[in-house]
Amino acid sequence: MLSRIKFYIALELLTTAIVGGWQYAQKGLDSAILTSLTVMIAFSPICLALSTPIVFYFAKKFITSLGIKINFGESLLKFANIDSVAFSMSNVITDGNFYVTDLVPEGLSQNSLLAHSASAVSESNHFLAKKIYETAENRGLKLQRVAAFREINGCGVEALMNNTPIRFGRPQWITSEKVEISAELLTKSDQLAAKGKTPLMLQMGRMVRGIIALKDEVDLNSQKFLELLRNRNFETLMLSSESKKTVNAVAKNIKVDNVRFALTSEGKAREIQLMRAHGKFIAMIGKDINDLPAMINADVSFLLRSEESLNLIDDQIKIDFEIDRLGQFLKLRRISEKVKDIVSQNKKLAYLSWFLLIPPSLMMMLEKSPVPFNPLYATVGVVIFMILIILNSFRMKSI
């Protein structure tokens with residue numbers, strides 16, 4: 001909007017200079033000053049500049065009262081055009097209250113499997129890692145010190161304990177390299193995933209020593225939210241780093257148009273880019289740092305707030321909206337549609353002012369203008385349209 005205003009100001013000044021020069025050559029200085037001043041006032045983009053700020057002010061004030069944070073007023077106009085909604089599965093569609101459901105050791109005891117895994121992930125900020133570490137602590141297990149640590153986004157962690165290399169994470173990542181793993185563990189991993197659980201494997205040296213499975217439940221509010229999206233004809237896309245079997249098991253209990261699985265953070269961002277390349281206007285709802293690339297690449301981004309998400313996301317990275325619950329998404333949609341409607345009306349009034357005021361101002365260049373016009377008439381006309389735009393903008397206050 002700002003760049004468009006600058007363009008109109010430049011056009012106004014150029015037109016004024018041309019008209020003034022022409023009148024000076026034809027009729028002298030007095031006529032040049034009078035005509036150029038009239039043209040400058042009639043061409044003024046002040047009505048267009050007023051079309052959005054008052055609407056945004058009242059909209060942002062109301063949105064803030066709902067407990068929603070909005071970082072950009074222009075986001076409301078973009079949100080009104082959204083036809084697709086993408087969201088992370090974990091912590092958004094599911095409730096995020098993960099708990100350990102299965103310990104499947106091989107060559108270890110269950111406590112040893114949990115203790116080694118918790119030690120390996122002790123320096124990770126990932127919500128699954130924190131849950132495993134918390135479970136081990138609650139059981140009073142003795143954890144080992146990690147000599148080296150590296151976290152691989154969307155995959156798992158690598159650590160060095162007692163001079164033994166440890167890898168702990170997604171089965172597809174663990175099995176992507178040459179490791180010794182029994183058919184029983186592979187079968188068990190598939191069975192756990194088919195039940196909607198998240199299996200994670202522990203590799204010690206070259207051997208896979210066991211599986212820890214976690215699970216969270218589909219949030220009832222999320223189910224209602226998806227039904228409302230469907231009723232309003234939004235196309236929906238669920239993104240997940242989980243395996244195909246885990247995602248499909250969750251998708252059975254909800255209504256969603258498309259699912260994508262086994263995605264890294266960059267993979268989620270690519271899916272958003274692909275939808276936009278196909279002409280979709282897409283909003284992305286995420287909750288943790290792994291969703292950040294997808295949110296940044298969406299047309300409009302939503303952060304589902306929690307203490308962890310607010311700490312993880314850099315203050316320098318501005319998300320369009322920060323919400324506390326999914327229901328606020330549709331409230332914002334209704335507000336954005338109202339904003340778009342009023343701003344559109346204001347812009348039409350601004351363009352109408354040009355349509356009515358510019359032609360008679362230019363007619364002053366004629367030897368005998370058919371319409372009597374001067375700077376005062378132009379000023380009165382502009383002021384009338386400014387008042388109309390301001391009054392129309394105040395309709396936003398009544399929302």
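**View 1. Arg232 forms a salt bridge with Glu337, with 3.1 Å between the closest N and O atoms.** This one links distant parts of the chain: Arg232 is in the loop between helix 11 (220-231) and strand 9 (235-239), Glu337 is in helix 16 (residues 327-363), and the two are 105 residues apart. The model is a predicted one, where local features need pLDDT of at least 70 and side-chain atom pairs count only at pLDDT 80 or more, while totals for chains, interfaces and linings use all residues. Residues are numbered from 1 along each chain as its sequence is written, and side-chain values use heavy atoms, with hydrogens and water left out. A salt bridge here is a side-chain nitrogen of Lys or Arg within 4 Å of a carboxyl oxygen of Asp or Glu. Helices (H or I, at least four residues) and strands (E, at least two) are DSSP runs, numbered from the N terminus. For exposure, buried means under 20% relative accessible area, exposed means over 50%, and partly exposed is in between (1.4 Å probe, protein chains only). Arg232 is partly exposed at 34%, and Glu337 is partly exposed too, at 31%.

**View 2. Arg276 and Asp299 pair up through their side chains in a salt bridge of 3.1 Å, N to O.** Here again distant parts of the chain are linked: Arg276 sits in helix 13 (residues 265-277), and Asp299 sits 23 residues away in the loop between helix 14 (292-297) and strand 12 (300-304).

**View 3. A network of salt bridges links Arg150, Glu158, Arg167 and Glu177.** One of the bridges joins the side chains of Arg150 and Glu158, 2.8 Å from N to O. Arg150 has a relative accessible area of 48% and is partly exposed; Glu158 is partly exposed as well, at 22%. Arg167 has a ring to look at, too: it lies over the face of Trp173, 4.2 Å from the ring centre. For a charge to sit over a ring, NZ of Lys or CZ of Arg must be within 6 Å of the ring centre and within 35 degrees of the ring normal. How many salt bridges does the salt-bridge rule give? The count comes to 16.

**View 4. Eleven aromatic pairs turn up in the model.** Take Phe79 and Phe302: their ring centres are 5.2 Å apart and their planes are at 65°, so this pair is edge-to-face. Phe79 lies in helix 5 (residues 74-79) and Phe302 in strand 12, so the pair ties together parts 223 residues apart in sequence. Both Phe79 and Phe302 are buried. Rings of Phe, Tyr and Trp (its six-membered ring) pair if their centres lie within 6.5 Å; planes under 30 degrees apart count as stacked, over 60 as edge-to-face, and the rest as tilted. Ring pairs also join Phe79, Phe225, Phe234, Phe302, Phe321 and Phe329 into a cluster. Over the face of Phe79 lies Arg333, 5.9 Å from the ring centre.

**View 5. Tyr351 and Trp354 are three residues apart in helix 16, separated by about one helical turn.** Tyr351 is partly exposed at 33% relative accessible area, whereas Trp354 is buried at 13%.

**View 6. Thr94 is in the loop between helix 6 (89-93) and strand 3 (99-105).** Buried or exposed? Thr94 is buried, with a relative accessible area of 1%. A 2.6 Å polar contact joins its side chain to that of Asp216. A polar contact is a pair of N or O atoms within 3.5 Å; within protein, one must be able to donate a hydrogen and the other to accept it, and residues adjacent in sequence count only if both atoms are side-chain atoms. Leaving out residues up to four places away in sequence, Thr94 touches Met89, Asp216, Glu217, Val218, Asp219 and Val250; touching means heavy atoms within 4.5 Å.

**View 7. Asp320 lies in the loop between helix 15 (307-312) and strand 13 (321-323).** Asp320 counts as buried, at 7% relative accessibility. Its side chain makes a polar contact of 2.8 Å with that of Ser75. With residues up to four places away in sequence not counted, Asp320 touches several others, among them Lys69, Phe72, Ser75, Lys78 and Asp299. Ile296 is 24 residues from Asp320 in sequence and 9.3 Å from it in space, C-alpha to C-alpha.
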